[in-house]
Amino acid sequence: MADLKLDKAVFGVEVANHELLKMAYESYLAEKRQVGAKTLKRGEVRGGGRKPWRQKGLGRARFGSSRNPIWRGGGIAFGPSGNENYKKKISKNAKHVALRQALTLVNKAKKIVVADIKVDGKTKTAAKLLASLKIENKRRILVVAGKNDVVMRSFNNLPNVEVVSPTYLTVFYILNADVIVFDTKAVEITTDWLKGVKAEVKGDK
């Protein structure tokens, strides 16, 4: 375990409320949401071009097409089209402030471990590294390091480990992890990335 002091400007900010964290968390989920549902409008349903019965004389209600939305098998009036946009916009500045807040919370909860991540592409080496840090039994481990081929090969076969590059950190990854392992270089990159961001946004009072 590396003896590296975490910068309070990133890992020790004031978190007055969780409003901004909630916004950033929901924004991430909304971006990952897949649009799969689609229904047919009355103009897209096959058939129904012929009038079901004549206008008058039968005592029935008049209908012009079996594609009418109130008919079984007809079109759907206000169903999903498959083109819905569920994304929730949040400014870059707000995202960075939310990241600082999230890192502060996990740091206070003592979930951050800083170590020199030296691996050789073998899963056995990665497992030994986690065992030396006494976190191998944690359910969800987030490793923050340079996402190169060697690192990915080392951790890919460990089902409880997620690897992410420092500048691709999200509130979702941070808050969902039981423990976060920062490479020493990743700490510097994360600090430089987030340290200069203005904190005067909604939710960071």
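Residues are numbered from 1 along each chain as its sequence is written, and side-chain values use heavy atoms, with hydrogens and water left out. Because the model is predicted, local features need pLDDT of at least 70 and side-chain atom pairs count only at pLDDT 80 or more, while totals for chains, interfaces and linings use all residues.

Rings of Phe, Tyr and Trp (its six-membered ring) are taken to pair if their centres lie within 6.5 Å, with planes under 30 degrees apart counted as stacked, over 60 as edge-to-face and the rest as tilted. By this rule there are eight aromatic pairs. One of them joins phenylalanine 11 and phenylalanine 182 edge-to-face, at 5.8 Å centre to centre and with 85° between the planes. This pair links distant parts of the chain, since phenylalanine 11 belongs to helix 1 (residues 8-11) and phenylalanine 182 to strand 4 (residues 179-183), 171 residues apart; helices (H or I, at least four residues) and strands (E, at least two) are DSSP runs, numbered from the N terminus. Both phenylalanine 11 and phenylalanine 182 are buried, that is, under 20% relative accessible area, as against exposed over 50% and partly exposed in between (1.4 Å probe, protein chains only).

Tryptophan 53 and phenylalanine 63 also form an edge-to-face pair, 6.2 Å centre to centre with 85° between the planes. Phenylalanine 63 counts as buried because its relative accessibility is 16%.
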